[in-house]
Structures are given as structure tokens and as C-alpha cells.
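Hello,

Here is the structure we talked about.

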Amino acid sequence: MFSRFFIVGKQIYATTIHYNGKTLKGVIEEIKMKSAVIYARYSCEKQTEQSIEGQIHECTKFAERNGLVIMNTYIDRATTGTNDKREAFQKMLADSDRSQPWEIVLVYALDRFGRNSIEVAINKQRLKKNGKILISATQRTSTNIDGSQNLDGIILENVMIGFERSNGHSTKIGSQ
């Protein structure tokens, strides 16, 4: 038995040739890859595009290491994370309400998704209702890429959101 892999559009297929007595039979199977969108944000004018570039770079490296296909990127510039009234963030949430072909929201760090723990919980629940999950490229989250739960990730998420909110901005990529 041997396999060949090929890509059509954003789908990966495998052709498996089985030797069964005298006959060869080809089987095409679709291999389901997880798909994601990146959400990046910086808070104030003191930060630069390097902050966004750095976040996207780290998220892209994480996606490559974990076999994720990036479908889209949502970016909010010079926008606070203390509330969810952010244009790109709201577009991402609205897109998640529609049947979008992605399953994961990938952020550099949890505070990029939000700094208000109540709104973070509400928005994560909205994503969950839509069959989507939130994953951080640099921090352990409550849910793994495969959808399984992390008890320590649940605790760490809440601690990190509270710490970062009380301690000020923690993401230093591109800060001046």
C-alpha cells in the first residue's frame, strides 16, 4: 500500500493504492485540516505596525507547526481591549455567526482577544455556540486545537486576563 497527497483549492486529498490479490484499487479520501483566522490588535498610538506584524508572524509559525490553514486575518489598530467595540473584532464575531469555513480564532496572546473577563467569556461562548474555539499562539488556553479541554488552561486563562488587566499592557511586540 502507498499513498500520494495532493491539494485542490484548500482541501488535501490522499490517493491510497491497495494491492489486493491481482487487482489494484485507488481510493480518494479527504483529509480534514483545521482552519483558522488570526485576530491581531494593538492598543495605542505608541505601538506600531511591527506589533501587528509580530503577532501575525508568531500566529503563522504556530499554525504551521500545528497543521492549521489560515483563512483570514482580522486586525484592529490603536484600539483598546477593555471592551469588545472593535470593528475587526465585531466583523470576526459576525462572520463566526455565519457558516464560515474556519474553526479556530488564533491570537498571539489572550489579552489580544480582550481584557474584560466578562466580555471575553461571553464572546468565547458565542464562538463555541458557532462551533469555533479560541487558541493562543503563546499561552495555554482552556481548549486544545482538537477541542479537548485543559483544566490548567482554564485556570491560567482567567489568571492571565486578570493579571494583564491589572498590570497594564503586556504585549510588547513593536512597542516603542
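Is Asp97 buried, partly exposed or exposed? Asp97 is partly exposed, because its relative accessible area is 38%; buried means under 20% relative accessible area, exposed over 50%, and partly exposed in between (1.4 Å probe, protein chains only).

Some conditions apply. This is a predicted model, in which local features need pLDDT of at least 70 and side-chain atom pairs count only at pLDDT 80 or more, while totals for chains, interfaces and linings use all residues. Residues are numbered from 1 along each chain as its sequence is written, and side-chain values use heavy atoms, with hydrogens and water left out.

The structure holds 7 salt bridges (a side-chain nitrogen of Lys or Arg within 4 Å of a carboxyl oxygen of Asp or Glu). Three of them are described below.

Asp97 meets Arg126 in a salt bridge, at 2.4 Å from N to O. This pair links distant parts of the chain, 29 residues apart: Asp97 is in helix H2 and Arg126 in helix H4 (residues 117-129). Helices (H or I, at least four residues) are DSSP runs, numbered from the N terminus. Arg126 is partly exposed, at 26%.

Lys91 and Asp95 form another salt bridge, their closest N and O atoms being 3.1 Å apart. Both lie in helix H2 (residues 87-97), 4 residues apart, which is about one turn of the helix. Asp95 is buried, with a relative accessible area of 5%, whereas Lys91 is partly exposed at 46%.

Asp84 and Lys85 also form a salt bridge, with 3.9 Å between the closest N and O atoms. Asp84 counts as buried because its relative accessibility is 13%; Lys85, at 65%, counts as exposed.

Regards

Technical notes:
Helix = DSSP H or I, 4+ residues; strand = E, 2+ residues; numbered from the N terminus.
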